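These exercises go through a structure with two protein chains. Try each task before reading its solution.

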Amino acid sequence: MLRNSRSEFGSATIVLHWTIAALILGLTLIGFVMRRTDIDPALQFSLYQWHKSFGFTALGLATLRTAWWLVERSPAPPPGLGALEHIAARMAHGALIVLALAVPLAGWAVASASTLDIPSFYFNAVVIPHLPLAKSEASEAFWAFVHALLGYVTLGLVAIHAAAALYHHFIRRDAVLVRMLGFGTRSHHLRTPDAEENDDPIVERK
Amino acid sequence: MTIPRRQALKAIASLALLAMTAAPAAGARPPSLTEAAGTYRVAGSSVIHFTVPQAGGGSGLAGDFGKFSGRFRIDGNNIEQSSVEFTLYPESVRSRERRIENFLRSSAVFDTANFKTITFRSTIVRQTGPDTATVEGTLTARGKSRKERFEVTLTDWNRRSIAFTIRGSIRRAPYGMDVGTPIYSNVVQFDMKIRGQRR
């Protein structure tokens with residue numbers, strides 16, 4: 001199923017979620033390595049360009065994810081979730097949605113404001129124009145700071161988000177993590193919610 | 001302090017006169033080979049400029065080399081026997097900002113820590129017009145030597161000096177300097193203004 005249901009995530013949400021998650025972690029890793037001072041300069045140049053290409057990919061997917069999040073329903077929270085927990089989860093998810101857009105946009109601003117004026121040649125295929133920002137050392141430094149700061153905030157939120165998912169899975173033993181993994185409960189939504197109690201996955205797969 | 005107007009005019013007039021007498025004798029006619037024959041030293045006022053075009057247009061990456069040396073000999077009997085020897089010191093590269101200069105000096109490009117010089121030694125000179133020639137020779141950079149060709153145009157001469165513009169397109173990848181391709185072109189455009197002082 002492409003779309004979300006009342007209790008589950010559809011494949012569109014799941015694929016976007018994990019692709020963006022992988023991009024965030026990969027981009028953070030490249031970001032750390034490319035900023036090292038003892039790095040080989042040719043490798044550093046390449047890493048910056050990879051970082052930009054994957055960063056633009058993240059921006060594109062985050063835009064899709066945001067649009068999808070705005071128009072698509074969200075599955076109901078697991079039973080037994082407190083009101084405060086629910087609000088915290090909504091805020092964290094909203095912040096992650098916004099940061100997934102803001103971090104790459106700030107990165108685009110760095111490339112645009114940089115006096116180095118290095119073209120963003122998306123995977124050596126298409127030149128992505130710079131944002132209309134004044135080029136100066138101060139502007140570049142400002143956006144680099146914003147990009148890094150938002151990046152760290154994102155990383156922190158991702159850690160909290162992942163910890164919460166593990167908490168749900170191992171401590172509360174509910175379906176929060178499993179339903180985003182896209183398996184385990186798939187059979188359930190083929191049935192009416194009433195039939196869930198009698199579910200037998202083995203019979204279901206036949 | 002103000003200079004009286006008459007005195008200022010007089011100074012300008014004498015400067016103009018001086019400029020006229022100092023003007024090169026080149027005029028419309030290139031020198032004959034015998035006139036130009038001799039050995040020259042590349043003057044420090046020469047300009048070694050290069051440009052690397054970038055993807056999507058724009059100004060690309062441009063720079064100059066501040067330190068170089070060289071000499072050339074114009075053979076009066078046979079221009080093909082003329083020769084050029086040129087050395088440039090990549091450490092002296094100048095560009096629009098320090099970060100670019102440091103990158104060009106680094107192991108990614110010139111690797112100036114290990115290769116102090118880039119040299120060119122001509123193997124043959126061919127005249128292609130009354131004031132043009134091609135110079136073929138061996139370019140050595142980062143320990144790699146390759147045959148390259150430059151187009152030479154005579155721009156100015158007098159009894160003591162001679163000047164050319166020299167253009168050439170050099171592929172950088174074979175010298176192990178392919179960093180940044182294809183964002184930055186593999187082909188480096190050299191645009192040099194070389195003045196030779198007669199020795």
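Two residues are in contact if their C-beta atoms, placed from the backbone, lie within 7 Å. This is a predicted model, in which local features need pLDDT of at least 70 and side-chain atom pairs count only at pLDDT 80 or more, while totals for chains, interfaces and linings use all residues. Residues are numbered from 1 along each chain as its sequence is written, and chains are lettered from A and ligands numbered from 1 in the order in which they are written.

**Exercise 1. Describe the contact between the chains.**

Solution. Step one is to count the residues on each side: chain A contributes 13 and chain B contributes 15. Step two is to find the element with the largest share on the side of chain A, which is helix α2 (residues 41-71) with four residues. Here helices (H or I, at least four residues) and strands (E, at least two) are DSSP runs, numbered from the N terminus. Step three is to sort that side by class, which gives eight nonpolar, three polar and two charged residues. In this sorting Ala, Val, Leu, Ile, Met, Phe, Trp, Tyr, Cys and Pro count as nonpolar, Asp, Glu, Lys and Arg as charged, and the others, Gly among them, as polar.

**Exercise 2. Describe how α2(A) packs against α3(A).**

Solution. Two packed helices are described by the angle between their axes and the distance between the axes. Axes are lines fitted to C-alpha atoms, for helices over the stretch in contact, and angles run from 0 to 180 degrees between N-to-C directions. For α2(A) and helix α3 (residues 83-113) of chain A, the axes come within 9 Å and cross at roughly 145 degrees. Next, list residues of the contact: α2(A) supplies, among others, K52(A), G55(A) and W69(A), and α3(A) supplies residues including I97(A), P104(A) and A111(A). By class, this contact has 11 nonpolar, four polar and two charged residues.

**Exercise 3. Summarise the fold of chain B.**

Solution. First count the elements: chain B has three helices and 11 strands. Then read them in sequence order, which gives α-α-β-β-β-β-β-β-α-β-β-β-β-β. Then look at contacts between residues at least 6 apart in sequence: 53% of these in chain B join residues at least 24 apart. Last, compare with the record: the UniProt annotation "domain: Lipid/polyisoprenoid-binding YceI-like" (unreviewed entry) covers residues 39-197 of chain B. This span is 5% helix and 55% strand, and its end C-alpha atoms lie 8 Å apart.

**Exercise 4. Which residues touch the most other members of the largest nonpolar core?**

Solution. Start with the terms. A residue is buried if 20 or more other C-beta atoms lie within 10 Å of its own, exposed if 12 or fewer, and partly exposed in between. A nonpolar core is a set of buried Ala, Val, Leu, Ile, Met, Phe, Trp, Tyr and Cys residues joined through C-beta atoms within 7 Å. The largest core has 36 residues, and F68(B), L104(B), V109(B) and V135(B) touch the most other members. Strand β8 (residues 132-141) of chain B gives the most to this core, four residues. Leaving out residues up to four places away in sequence, V109(B) touches F103(B), L104(B), M177(B) and V179(B). Another core, of 16 residues, lies apart from it and includes A58(A), L59(A), V103(A) and A106(A).

**Exercise 5. Is G70(B) buried or partly exposed?**

Solution. First locate G70(B), in strand β4 (residues 68-74) of chain B. Then count: G70(B) is partly exposed because 19 other C-beta atoms lie within 10 Å. Its contacts, without residues up to four places away in sequence, are V42(B), V84(B), E85(B), F86(B) and T87(B).

**Exercise 6. Where does N124(A) lie, and what is its phi?**

Solution. N124(A) is in the loop between β1 (120-122) and β2 (126-128) of chain A. Its phi is positive, about 55 degrees, although N124(A) is not a glycine. N124(A) counts as exposed because it has 12 C-beta neighbours inside 10 Å.

Key. UniProt positions renumbered as here; feature names shortened; annotations may be inferred.
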